[in-house]
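Welcome! Here is a short tour for anyone opening this structure for the first time. Have a look at the model, then read on.

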Amino acid sequence: MSNQPPTPLFLERRSYRRRRLMDALRLLPLVGVLLWMLPLFWPSEAATDAALEPVPMSRAVIYVFLVWLGLICAAFALWRGLWSDETPDKDAA
(Lines give C-alpha, C1' and ligand atoms only; values in the text may rest on other atoms or scores of the structure.)
Protein backbone atom coordinates (compact mmCIF):
# COMPACT_ATOMS: atom_id res chain seq x y z
CA MET A 1 0.00 0.00 0.00
CA SER A 2 1.20 3.46 -0.82
CA ASN A 3 0.93 6.57 1.29
CA GLN A 4 -0.23 8.73 -1.62
CA PRO A 5 -3.59 10.46 -1.27
CA PRO A 6 -6.30 9.13 -3.59
CA THR A 7 -6.80 11.00 -6.84
CA PRO A 8 -10.07 12.88 -7.22
CA LEU A 9 -12.78 11.09 -9.16
CA PHE A 10 -14.12 14.21 -10.82
CA LEU A 11 -12.77 17.06 -12.89
CA GLU A 12 -12.87 20.68 -11.96
CA ARG A 13 -15.82 22.52 -13.45
CA ARG A 14 -13.61 24.87 -15.42
CA SER A 15 -11.52 22.14 -17.06
CA TYR A 16 -14.59 19.96 -17.70
CA ARG A 17 -16.46 22.86 -19.33
CA ARG A 18 -13.41 23.79 -21.37
CA ARG A 19 -13.03 20.24 -22.69
CA ARG A 20 -16.71 20.05 -23.65
CA LEU A 21 -16.47 23.38 -25.48
CA MET A 22 -13.40 22.14 -27.35
CA ASP A 23 -15.29 18.95 -28.25
CA ALA A 24 -18.18 21.05 -29.56
CA LEU A 25 -15.75 23.12 -31.65
CA ARG A 26 -14.29 19.92 -33.09
CA LEU A 27 -17.74 18.63 -34.05
CA LEU A 28 -18.83 21.89 -35.68
CA PRO A 29 -17.27 21.10 -39.11
CA LEU A 30 -19.03 17.72 -39.17
CA VAL A 31 -22.35 19.38 -38.34
CA GLY A 32 -21.70 21.90 -41.10
CA VAL A 33 -21.00 19.20 -43.69
CA LEU A 34 -24.15 17.32 -42.73
CA LEU A 35 -26.25 20.48 -42.95
CA TRP A 36 -24.70 21.39 -46.31
CA MET A 37 -25.47 17.92 -47.66
CA LEU A 38 -29.13 18.21 -46.73
CA PRO A 39 -30.12 20.01 -49.97
CA LEU A 40 -28.96 16.94 -51.90
CA PHE A 41 -32.07 15.17 -50.59
CA TRP A 42 -34.44 17.93 -51.68
CA PRO A 43 -36.52 17.20 -54.76
CA SER A 44 -35.09 18.60 -57.98
CA GLU A 45 -36.51 19.23 -61.43
CA ALA A 46 -35.15 15.85 -62.52
CA ALA A 47 -37.31 14.08 -59.93
CA THR A 48 -39.55 11.49 -61.56
CA ASP A 49 -42.32 11.85 -58.97
CA ALA A 50 -44.70 14.62 -60.05
CA ALA A 51 -46.16 14.91 -56.54
CA LEU A 52 -43.01 16.61 -55.22
CA GLU A 53 -42.37 20.20 -56.17
CA PRO A 54 -38.75 21.02 -56.87
CA VAL A 55 -36.96 23.41 -54.54
CA PRO A 56 -35.83 26.57 -56.36
CA MET A 57 -32.09 27.09 -56.59
CA SER A 58 -32.46 30.49 -54.92
CA ARG A 59 -33.80 28.84 -51.75
CA ALA A 60 -30.99 26.30 -51.78
CA VAL A 61 -28.38 29.05 -52.09
CA ILE A 62 -30.03 31.05 -49.29
CA TYR A 63 -30.07 27.88 -47.14
CA VAL A 64 -26.35 27.24 -47.74
CA PHE A 65 -25.41 30.80 -46.81
CA LEU A 66 -27.63 30.76 -43.71
CA VAL A 67 -25.98 27.52 -42.58
CA TRP A 68 -22.59 29.13 -43.23
CA LEU A 69 -23.57 32.19 -41.18
CA GLY A 70 -24.92 29.95 -38.42
CA LEU A 71 -21.66 28.00 -38.30
CA ILE A 72 -19.67 31.22 -38.04
CA CYS A 73 -21.89 32.46 -35.21
CA ALA A 74 -21.71 29.12 -33.39
CA ALA A 75 -17.92 28.99 -33.72
CA PHE A 76 -17.66 32.56 -32.42
CA ALA A 77 -19.94 31.80 -29.46
CA LEU A 78 -17.99 28.66 -28.56
CA TRP A 79 -14.70 30.51 -28.94
CA ARG A 80 -15.95 33.28 -26.64
CA GLY A 81 -16.92 30.60 -24.13
CA LEU A 82 -13.40 29.21 -24.23
CA TRP A 83 -11.89 32.70 -24.05
CA SER A 84 -13.95 33.65 -20.99
CA ASP A 85 -12.93 30.39 -19.31
CA GLU A 86 -9.25 31.27 -19.64
CA THR A 87 -9.50 34.62 -17.90
CA PRO A 88 -8.88 34.24 -14.19
CA ASP A 89 -11.58 35.27 -11.77
CA LYS A 90 -10.80 38.41 -9.79
CA ASP A 91 -12.46 36.95 -6.70
CA ALA A 92 -10.45 33.72 -6.87
CA ALA A 93 -7.13 35.45 -6.15
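Leu-27 is a handy place to begin, and it lies in helix 1. Please keep in mind that this is a predicted model. The secondary structure of the protein chain comes to two helices and zero strands.

**The chain as a whole**

- Of the 93 residues in the protein chain, 13% are buried.
- The chain exposes about 8400 Å², and carbon and sulfur atoms supply 66% of that area.
- Counting contacts between residues at least 6 apart in sequence, 74% join residues at least 24 apart.

**The nonpolar core**

- In general, nonpolar side chains in soluble globular proteins tend to be buried together.
- Which residues make up the largest nonpolar core here? There are seven of them: Leu-21, Leu-28, Tyr-63, Val-67, Leu-71, Leu-78 and Leu-82.
- Helix 1, spanning 13-37, and helix 2, spanning 57-86, each supply at least two residues of this core.
- Helix 2 gives the most to the core, with five residues.
- Leu-82 is a core member, and, leaving aside residues up to four places away in sequence, Leu-82 touches Arg-18, Leu-21, Met-22 and Leu-25.

**A nonpolar patch on the surface**

- Leu-27 returns here as part of a nonpolar surface patch.

**Aromatic rings**

- How many aromatic pairs are there? The count comes to four.
- A pair of aromatic rings is described by the distance of the centres and the angle of the planes.
- Is Tyr-63 buried or exposed? Tyr-63 is buried, because its relative accessible area is 18% and the cut-off for buried is under 20%.
- Trp-42, with a relative accessible area of 26%, is partly exposed.
- Phe-76, Trp-79 and Trp-83 form one aromatic cluster.

Note on methods. Residues numbered from 1 in each chain as written. Predicted model: local features only at pLDDT ≥ 70, side-chain atom pairs only at ≥ 80, totals over all residues. Heavy atoms only, no water. Core = buried A, V, L, I, M, F, W, Y, C linked by side-chain atoms within 4.5 Å. Buried < 20%, exposed > 50% of the residue type's maximum accessible area, 1.4 Å probe, protein only. Helix = DSSP H or I, 4+ residues; strand = E, 2+ residues; numbered from the N terminus. Contact = heavy atoms within 4.5 Å. Patch = residues over 30% accessible without salt bridge, like charges linked within 9 Å, V, L, I, M, F, W, Y side chains within 5 Å. Areas by Shrake-Rupley, 256 points an atom, 1.4 Å probe, with all protein chains shown as cover. Salt bridge = Lys/Arg side-chain N within 4 Å of Asp/Glu carboxyl O. Phe/Tyr/Trp six-rings, centres within 6.5 Å; stacked < 30°, edge-to-face > 60°.
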